[in-house]
Amino acid sequence: MSGDVNRQLSHMSEASSCYSDGNSSEDMDEDIDQYYMDTTDDLDLDCPSKTDDPEYFEYEPLQVMDAERLLNEEIEALCTKLKVSPSMAKMLLLRHNWQKEEIIENYQKDPSGFLIDSHLTSRRKHDNLIGPRPMCSVCCVNYPRDRFHGVTCGHMFCQDCWDMHFQTQIQDGITTAIECMAKECPVLVTEDFVCEVLTQPKLRDKYSKFSFNDLIKSHPKLRFCPGVDCAVIIKAKESKAKKVECQTCKASFCFRCGISYHAPTECDVIKRWLTKCEDDSETANYISAHTKDCPRCHVCIEKNGGCNHMQCPECKYDFCWMCLGDWKSHGSEYYECSRYKENPNIANESVHVQAREALKKYLFYYERWENHAKSLQLEETTTSKITTRTQEKVMNNQGTWIDWQYLLRAAALLKKCRYTLQYTYPYAYYMDKGSRKVLFEYQQAQLEAEVENLSWKVERAEITDRGDLENQMDVAEKRRQTLLKDFLEV
Amino acid sequence: MANIAEQRIKREFKEVVKSDEVSAFNIKVELVNDTFTELRGEIAGPPDTAYEGGKFKLEIKIPETYPFNPPQVKFVTKIWHPNISSVTGAICLDILKDQWAAAMTLRTVLLSLQALLAAAEPDDPQDAVVAQQFKENNPIFQRTARHWTCAYAGGPKSDKELEEKVVSMKNMGFDEHKARVALSTKDWDVTRAAEYLIS
């Protein structure tokens with residue numbers, strides 16, 4: 001068991017480079033093992049240094065068992081502190097997002113008031129049973145009193161009805177939110193009562209599985225890995241919109257919202273953007289076609305690589321795929337292609353013109369967003385081409401495998417930079433006009449220019465000098481870091 | 001049909017029939033078949049509302065898992081209300097969905113529906129067109145709802161102007177109900193309603 005944990009931890013240090021201090025000899029051994037085991041992971045560029053990387057994030061993967069143990073420890077601690085049952089403590093933590101200090105403080109101030117607010121008891125104890133053989137108000141059958149049960153609110157119903165109630169709720173996926181059956185009674189049913197009443201063992205398993213999901217979802221420091229069929233739970237020190245890469249299934253996602261990582265854009269903004277894209281994509285797709293004519297000789301050009309610096313195969317004219325302008329003007333200071341120019345007189349225009357302008361603005365950002373997404377796909381083929389070419393070269397005794405690794409590193413870095421660049425467009429779309437936007441768009445333009453330069457060089461890697469390429473890599477990554485440092489909300 | 005469900009419905013049926021609300025002609029429940037899976041309900045439009053004087057028929061279906069799941073209820077009588085579809089009669093009401101409790105009865109459902117007629121919740125609409133009119137042009141909404149109550153629920157005749165508009169469109173060759181829907185949707189502008197029907 002301890003061996004397992006060790007492996008996980010050292011694996012984790014690969015992902016976030018923060019866990020092992022590297023002091024003990026045991027750690028050293030593990031590191032050496034790791035070095036020989038993970039040859040391909042050498043290419044992993046996602047090992048940000050702790051000191052000044054805006055994307056740095058500490059996290060570790062947990063198995064279901066570990067997560068359960070962790071939750072149980074927290075539940076037990078609260079039990080002892082408040083002297084309540086484990087089921088009660090579990091509900092309190094779940095309903096208050098595991099804010100233990102807050103729960104203890106509020107409970108000690110006013111125990112019954114706090115439990116009422118938490119829907120764990122009611123203001124007055126109800127008594128709905130009349131006579132020695134009362135009628136259950138759900139099934140309308142009379143039973144002796146000992147057949148009746150209830151939770152803290154005092155509403156009593158017969159055992160069979162509770163059983164049916166739990167069955168129906170669990171079938172609908174409701175577990176930790178099962179309420180009392182009485183009309184307008186919000187009191188929740190705790191785990192101990194559910195398990196005592198439930199007759200089918202299958203449903204008891206279902207209950208514990210679903211309620212475990214609820215517990216994890218309510219915990220700010222734990223996240224299910226969104227990867228397909230991946231059972232890993234990620235644990236982080238704090239709930240932040242940072243990048244997590246699951247070592248088991250390789251899924252990468254934002255820790256806070258669970259969707260694809262989206263720096264520098266924030267969680268709610270990216271959600272708005274993605275919904276908008278879903279709604280409007282038909283129009284956008286129609287407008288942004290896959291081919292364009294060369295602006296000089298008008299020959300039809302299909303884009304088959306990721307780089308947006310295009311060269312017409314006929315007339316050799318260098319132009320930008322996005323704006324069709326001369327590439328020369330995309331030097332660095334004059335790179336304007338990523339900046340949307342708003343109509344300055346828009347406020348005085350009619351509603352119709354404003355709507356057209358709004359669509360135009362959206363399309364501007366959407367086209368660039370979509371275009372970088374497509375470039376990312378196309379650059380995947382470049383990477384596989386590089387791999388094949390490297391193998392050929394090594395076979396022909398033109399250098400060793402290690403000699404050519406820098407090419408794969410360049411391709412991986414290009415991917416990372418372009419990914420961030422793609423996610424700068426939703427950010428810019430929702431930004432208010434002003435000096436901050438000007439600065440953002442300046443940095444975005446700088447990043448875009450360097451990403452395209454890098455892409456150009458990676459696609460022509462064999463005729464590009466290694467020093468030149470590595471220099472370009474450094475410049476592009478610096479631009480990315482600068483932008484994130486200034487704009488990624490931490 | 002499950003034993004509990006049948007037991008409950010029989011019991012509830014008696015409860016409603018004996019209740020004060022029935023004697024005051026406020027609510028009514030009838031059996032449609034012998035198996036207790038389908039019932040017909042009726043509620044009276046609450047006083048001092050646009051539905052006053054109308055009788056609204058409801059289709060009530062009892063699921064196998066009743067009372068652990070809510071009955072399925074919809075309006076048979078056409079009605080102009082933000083939380084009820086003017087096309088299908090489907091109802092948006094919390095106690096018919098997640099706020100249902102097993103101890104609730106048909107009587108509580110019918111009384112809640114009556115309360116819904118008296119107090120619409122336009123921010124949680126079932127019919128977006130009606131909800132928008134409710135919020136943006138409430139006087140027109142009130143007149144339209146009253147007109148529908150008269151036309152479909154046997155409410156008192158009131159608004160000559162609206163009736164005449166429906167008749168004029170009927171004379172143009174449109175189906176009466178379709179004409180009423182179009183006029184109601186287009187705030188009783190005959191030209192726009194006709195355009196809406198033609199397009």
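The model examined here is a predicted one, in which local features need pLDDT of at least 70, side-chain atom pairs count only at pLDDT 80 or more, and totals for chains, interfaces and linings use all residues. Residues are numbered from 1 along each chain as its sequence is written, chains are lettered from A and ligands numbered from 1 in the order in which they are written, and side-chain values use heavy atoms, with hydrogens and water left out.

Chain A has 490 residues, and 45% of them count as buried. Its accessible surface comes to about 25900 Å², with 50% belonging to carbon and sulfur atoms; such areas come from the Shrake-Rupley method with a 1.4 Å probe, and for residues only the protein chains shown count as cover. Of the chain A contacts (heavy atoms within 4.5 Å) between residues at least 6 apart in sequence, 59% join residues at least 24 apart.

Next come the nonpolar cores, each a set of buried Ala, Val, Leu, Ile, Met, Phe, Trp, Tyr and Cys residues joined through side-chain atoms within 4.5 Å. In soluble globular proteins, nonpolar side chains tend to be buried together. The largest core here has 41 residues, and Trp273(A), Tyr365(A), Trp369(A) and Leu454(A) touch the most other members. At least two residues of this core come from each of helix 10 (267–287), helix 11 (351–395), helix 12 (405–429), helix 13 (435–459) and helix 14 (466–487) of chain A. Helix 12 of chain A gives the largest share, 14 residues. Apart from this core lies another, of 39 residues, among them Ala50(B), Ala101(B), Leu106(B) and Phe141(B).

Gln167(A) sits in helix 7 (residues 159–171) of chain A and counts as buried because its relative accessibility is 16%. Neighbours within four places in sequence aside, Gln167(A) is in contact with Leu198(A), Thr199(A), Gln200(A) and Leu203(A).

Charged pairs complete the picture. Over all chains there are 28 salt bridges, each a side-chain nitrogen of Lys or Arg within 4 Å of a carboxyl oxygen of Asp or Glu. One of them joins the side chains of Lys235(A) and Glu60(A) at 3.8 Å, N to O. This pair links distant parts of the chain, with Lys235(A) in strand 5 (residues 233–236) and Glu60(A) in strand 1 (residues 59–62) of chain A, 175 residues apart. Lys235(A) is partly exposed at 26% relative accessible area, whereas Glu60(A) is buried at 15%.

In chain B, Arg8(B) and Glu12(B) form a salt bridge of 2.8 Å, N to O. Both residues are buried, and they are separated by about one helical turn because they lie four residues apart in helix 1 (residues 3–18) of chain B.

Methods: Buried < 20%, exposed > 50% of the residue type's maximum accessible area, 1.4 Å probe, protein only.
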